[in-house]
Every structure is written in C-alpha cells, then in structure tokens.
Amino acid sequence: MPSLLLDSLEFLHECRLCPLQEARTRVVRPEVPANWSSLPKRVLLIGEAPGKTEDLKGIPFVGAAGKLLRDTLESFGIENIAITNSCKCRPPNNRPPKTLELVTCHDKWLQHEIKELDPTLIVCLGLHAANSLLGCGSKNKYCTVDGKKRKPPGLNDLRRRDDLEYNGWKVQVAYHPSAALRMAKNMAPFVADVRKLAEWLGVTTRAGWDQDYTELTADNYIDFGYPKKEPVSVDTEYDVDGLFCYSFSYEPGKAYVVFTREQGGSLLLAQILTDATKIIMHNAPADVPQFKKFLRKQWNNSWYGKIEDTMVLAYVLGRPTGTLGLKELLYNELGLKVIRLEEVLNSKTGGKFEDVPKDQVIRYSGQDADGTLMLWQKLKKELDEQATKG
Ligand code: URA
C-alpha cells in the first residue's frame, strides 16, 4: 500500500471542525505513492468527498467510482499518483459537501497537504473540488477565477482551460468518475480527461506494446502450437486484389500475421475460429466477407454466434457515433496511437499491399488485432459492470 506520512495531517483523525464529523466512520487520509518525492511529475488528484466504502475503509476512491477511476488510469498506463479529497469525511447519504464543509476542510487540511506534497499538477475531479481550490464553479455564488465577479463557469468551461492555478500550482479540471457512472454520455469526456493527463505525463503509448508481432508461415505454424480455447481477436487486410493477410491475438501485446497469398493458412484460420470461445472483430461486416471468401467451404455459420464486435460495444456504451473507428477508439480509450491505413497504402505504395515492406504490414496488421483485443477487454469490463449495477 502506498504510504507517505504527511506532518500536516497528524491530527486529521481527531478533526471536529465541521458537521461531517457526526456521521463519519473514518476520516479518509490521502493516498500518496511511496516514491512521490522522486517522481519527475507529481500529480495530485482531488475528489469531492468519501463515499460509503471509503468511509468504512479510510482509503480514498475504493468504491465503484474509485474502481472506474483506478481502472481507467491503469488502462492509460498512469501510475504513482496521489489521491485525496476536498472533504475528508463522508457527507450523510453521499449528499454533496456544503460550502462551509469545503471551506473548513480546505483551510484546515487541504491547503497544507498541497503545500507539503508540492504537486507538479493538481487535477480537480468535478466542480466541488474545483470550487474548493478555485472558488469557482456553478455551485458557487461568486466566481473569482478571473479575479472578478462573473457568472460561474461550468465544468466544461473549466475543463478546457490550461491556465488555471491555485497559489502557483498548476490546476486542471476533469470529470468526476461518479458523473461517468451516473450517465453514459459522461463516460467519453471522463476518459478523454484521463487521456489528456496521460499525454501530459508522456505515457500515451505503452512502451513496447507493438513490438511482439510474429509472421506465421507454413514452416512455423505447426510448431506454434495454437489453438487455445480463449477469446481471439481477428482482423483482415485486403486491397483491390483481395485478401492479403489476416492477423489474430489472444494475449495483449502479442499478435500473429499470416500472409495468405504466400502461405495459404486457411486450415489454421478455421482451427482458430473453431476453438475460440469468442471471435472478436472491429466492424465485423468488413472482415467476415473476406474470411468467407478465403475459407470457402471451411467457413462455418455457427461461428456467427461467437462474434463480438468492438464497434458495437462502443456504440452500446454510448460513445459518440463519429468516433467508432478502431484507430479513434484505441486513441480515445487507451491512448494508443496506431498506424493509419493511409500511412501504409498511399500513392507511394500504389494502393496495394504487395508493394508495402513486409515488416510494416506485420506491424500495421498486428496492431489492429492486438488493439482490438485490448479494446474489447476494456469495453467488455465496462459493459459487465453496467450489467451488474442493475
Ligand atoms: N468520490 C470522491 O469524490 N472521493 C472518493 O474518495 C470516493 C468517491
């Protein structure tokens, strides 16, 4: 468990300064990584106030919203960040904290915490946290963000700003994960805010995620030892001359590419599709006809029942319809920048895969299968969580 003792919070557990002390079980201390002081960029996330689970455990963001927050940070490869709350005690029935509670907790604890931690960036999750630090936001009568009284900006106004500061510390405002859990339409901007943070931290592409792709030939696919009974993502690359290669992945970070015009590979493909517990594609109507044409009599209609389409999952989860392409989703959801088709097939390569260097096709096609599997894992998890929420 991360730990760092904060001198300024020594008597936090005894705090009786505001009405929230009455119903709380535990005062929730910040979570700070042990290597905080040696981090090149120190990010402090500030939430609103503890919920039921946090109140019982004394740890911030460990309930449903916390799980979404932590999972999303992890999916972008963000680690070693500090997490705290504007109010350290749970408001009864999870009601929003009142201004008096926010101000009291800020003045007695939060401001000292920030001073001691000296973060490179503070991210306020939601308007209450923004209010607490900036004295602005639609819940506040007075907005001082521009130094004068004016109509308080909404969350989206604040999210767009890159010039916010609190006593000299840089501040970014982002969606709160609870807002994303409450309404599906908030999920995309919440994830976009985490992606922005990942970009600021410089962790948008996971090191080596696209290094381990292998061409399978007639010589090596016997030794390869597939099939495995697992979900498998598959993808096709084709041009005016028809199918050029297919790729598949059953383990994030790994993908296999078969050049069908040289190697055939239909038996292997049929075996993979037969044994897969789920066949994952992105935009199946583009790939299925290619597979059917290639496999002819080996194609089996029962495979339809195992197909899961990541484009459909993203749609069901309420992602905006204009962003359902694989490349957009990989970037939006996981911060992965993948090669675009125009970079591979363009006027220089005559629009045919034959003319593209083989290692480039392996990387391109491998990324698509690997990325599809990773995207599926992420969206599926979100969908399963929605289903169990009831
Ligand atoms: N919401 C918050 O704002 N903070 C927590 O710790 C948990 C949920």
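**Ground rules.** I number residues from 1 along each chain as its sequence is written, and side-chain values use heavy atoms, with hydrogens and water left out. Since this model is predicted, local features need pLDDT of at least 70 and side-chain atom pairs count only at pLDDT 80 or more, while totals for chains, interfaces and linings use all residues.

**Largest pocket.** I looked for pockets on a 1 Å grid over the protein atoms alone; a pocket is an open set of points where a 1.4 Å probe fits, with protein on both sides within 12 Å along at least five of seven lines, and lining residues have an atom within 4 Å of a point. The largest pocket has a volume of about 790 Å³, a volume being the space filled by probe spheres set on the points, which are joined across faces, edges and corners. I found 32 residues in its lining, and E48, H176, S178, A179 and R182 lie nearest the centre. Helix α6 gives the most to this lining, with four residues (helices are DSSP runs of H or I with at least four residues, strands are E runs of at least two, and both are numbered from the N terminus).

**Second largest pocket.** This one comes to about 430 Å³. Its lining holds 22 residues, with D235, E237, K327, Y364 and D368 nearest the centre. Strand β7 supplies the largest share, five residues.

**Helices α2 and α14.** I checked how this pair packs: the angle is about 175 degrees and the axes are 12 Å apart (axes are lines fitted to C-alpha atoms, for helices over the stretch in contact, and angles run from 0 to 180 degrees between N-to-C directions). That makes α2 roughly antiparallel to α14, a label for angles over 145 degrees. K67, D71 and S75 of α2 meet K378, K381 and E385 of α14, where contact means heavy atoms within 4.5 Å.

**The sheet.** I traced an open sheet of five strands in the order β2-β1-β3-β5-β4, with mixed pairing; two strands pair if DSSP finds at least two bridges between them. Strands β2 (82-85) and β4 (164-166) stand at the edges with a single partner each, so one side of each has no neighbour in the sheet. Inside the sheet I followed β3 (residues 121-125) and β5 (residues 169-174), which pair in the parallel sense over four bridges. I122 stands opposite V171 in β5. Helix α4 packs on the sheet and touches β1 (43-47), β3, β4 and β5.

Technical notes: Angles under 35 degrees count as roughly parallel, over 145 as roughly antiparallel, 65 to 115 as roughly perpendicular and the rest as oblique.
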